[in-house]
Amino acid sequence: GQGAEAGRGSRTGRELWRAQQDFPRGGKGKGPGRKAVTLERTKGSEILFGMAPCGLALARARRALFRLFVKEQRGGSGRPLRAELALQAAARGVPVLHVPGRALDALCFGRPHQGVCLEAAPLPFRSLRDAEEPRPGDGDGGRRQLLWLVLEHIQDPMNLGALLRAAYFLGVDRVVATRNNSCPLTPVVSKASAGTMEVFDVYSTDDLQGFLKAKSAEGWEVVGTASRPVDVESVPVISCSEFQWDKPLIVVIGSEGEGLSLETQLQCQRMLAIPPGRALHPGIDSLNVSVAAGILLHSICSQRRRHGD
């Protein structure tokens with residue numbers, strides 16, 4: 001037996017589950033005459049799901065955290081990692097509710113939650129205006145050049161999450177996304193990033209061309225990405241394997257379908273392309289945007305490791 005406390009938690013869980021059966025997506029019930037949910041979710045909150053997003057959100061506490069939902073385990077203590085998360089939440093004063101797996105499925109609309117969901121305030125983009133601007137050469141105490149990744153109109157949350165995960169892993173210093181026509185920092189992005197979004201600041205800009213122009217004037221090199229090695233409006237396209245850099249660098253990645261806008265291409269000194277390893281079948285001429293970014297960033301970061309002082 002887990003005692004009276006656990007019993008009360010289970011009852012709360014069952015009540016939550018009953019309420020979640022009628023949990024609205026957009027504030028509406030699922031059928032005619034359905035009443036609103038009796039269990040109120042905190043206004044404006046969202047539901048993170050999965051061990052890494054929930055665990056890292058709890059560890060960093062960069063946003064308001066309201067409740068942790070953990071899958072109840074009958075006849076046992078449950079998985080150690082879940083128990084650890086529950087302790088971590090309790091230590092931060094975040095209420096922990098033990099609920100049936102079905103309730104978790106309802107909370108995150110059937111996405112893979114691994115037995116945990118966390119109700120939290122949304123995580124906004126950070127403003128570049130509020131950012132402390134590192135100067136060229138300041139990265140790692142001046143031992144290496146700065147590398148920033150700029151994302152133009154990335155709309156797929158799975159791609160955005162994968163891009164953030166790759167950028168963080170490979171050593172990108174800062175990620176900047178366009179505020180308009182871009183995916184916000186949603187729970188799906190956090191899950192796709194394996195929680196990277198919870199620990200790695202993502203900045204946004206309302207004026208991408210102005211931002212790139214200003215960085216160029218400060219001495220940064222701005223390079224774009226091209227899916228095919230053809231010259232773009234007099235901007236030279238080179239293979240990423242031939243690219244060399246000797247000053248702080250901004251790599252700009254375009255949207256999944258359209259690539260970089262012409263206005264953004266014209267702010268680039270060079271365009272980088274990934275050479276294919278075979279003659280490609282017609283209709284298969286490019287890579288997924290997050291895969292392409294991973295290859296490009298690895299090529300660039302490997303060179304930084306080779307040439308860094």
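Lys215, in contrast, is buried, with a relative accessible area of 4%. Please keep in mind that this is a predicted model.

## Salt bridges across the chain

How many salt bridges does a search of the whole structure find? The count is eight. One of them joins Glu198 to Arg63, whose closest N and O atoms are 2.7 Å apart. This pair links distant parts of the chain, 135 residues apart: Glu198 sits in the loop between helix H6 (187–192) and strand S8 (202–205), and Arg63 in the loop between helix H2 (51–60) and strand S2 (65–71). Glu198 is buried at a relative accessible area of 2%, and Arg63 is buried at 7%. Together with Glu46, Arg63 and Glu198 are linked in a network of salt bridges.

Another pair to look for is Asp201 and Arg126, a salt bridge with its closest N and O atoms 2.8 Å apart. Asp201 belongs to the loop between H6 and S8, while Arg126 is in strand S5 (residues 126–127), so the bridge ties together parts that are 75 residues apart in sequence. Asp201 is partly exposed, with 24% relative accessible area, and Arg126 is also partly exposed, at 33%.

## The nonpolar cores

Now turn to the inside. The largest nonpolar core has 35 residues, and those with the most contacts inside it are Leu147, Leu149, Leu151, Val175 and Ile253. At least two residues of this core come from each of strand S6 (147–151), helix H5 (157–170), strand S7 (174–178), strand S11 (249–253) and H9. H9 gives the largest share, six residues.

Leaving aside residues up to four places away in sequence, Leu149 touches Ala167, Val172, Arg174, Val175, Val176, Val251, Ile253 and Leu297.

## A nonpolar patch on the surface

Which residues form a nonpolar patch on the surface? They are Leu287, Val291 and Ile295, with about 240 Å² of accessible area together. Leu287 lies in the loop between strand S12 (270–273) and helix H9 (289–307). Leu287 counts as partly exposed because its relative accessibility is 47%.

## Cysteines

The structure holds zero disulfides. Cys183 is buried, at a relative accessible area of 7%, and Cys301 is buried too, at 2%.

Methods: Residues numbered from 1 in each chain as written. Predicted model: local features only at pLDDT ≥ 70, side-chain atom pairs only at ≥ 80, totals over all residues. Heavy atoms only, no water. Patch = residues over 30% accessible without salt bridge, like charges linked within 9 Å, V, L, I, M, F, W, Y side chains within 5 Å. Areas by Shrake-Rupley, 256 points an atom, 1.4 Å probe, with all protein chains shown as cover. Salt bridge = Lys/Arg side-chain N within 4 Å of Asp/Glu carboxyl O. Helix = DSSP H or I, 4+ residues; strand = E, 2+ residues; numbered from the N terminus. Buried < 20%, exposed > 50% of the residue type's maximum accessible area, 1.4 Å probe, protein only. Disulfide = S-S within 2.5 Å. Core = buried A, V, L, I, M, F, W, Y, C linked by side-chain atoms within 4.5 Å. Contact = heavy atoms within 4.5 Å.
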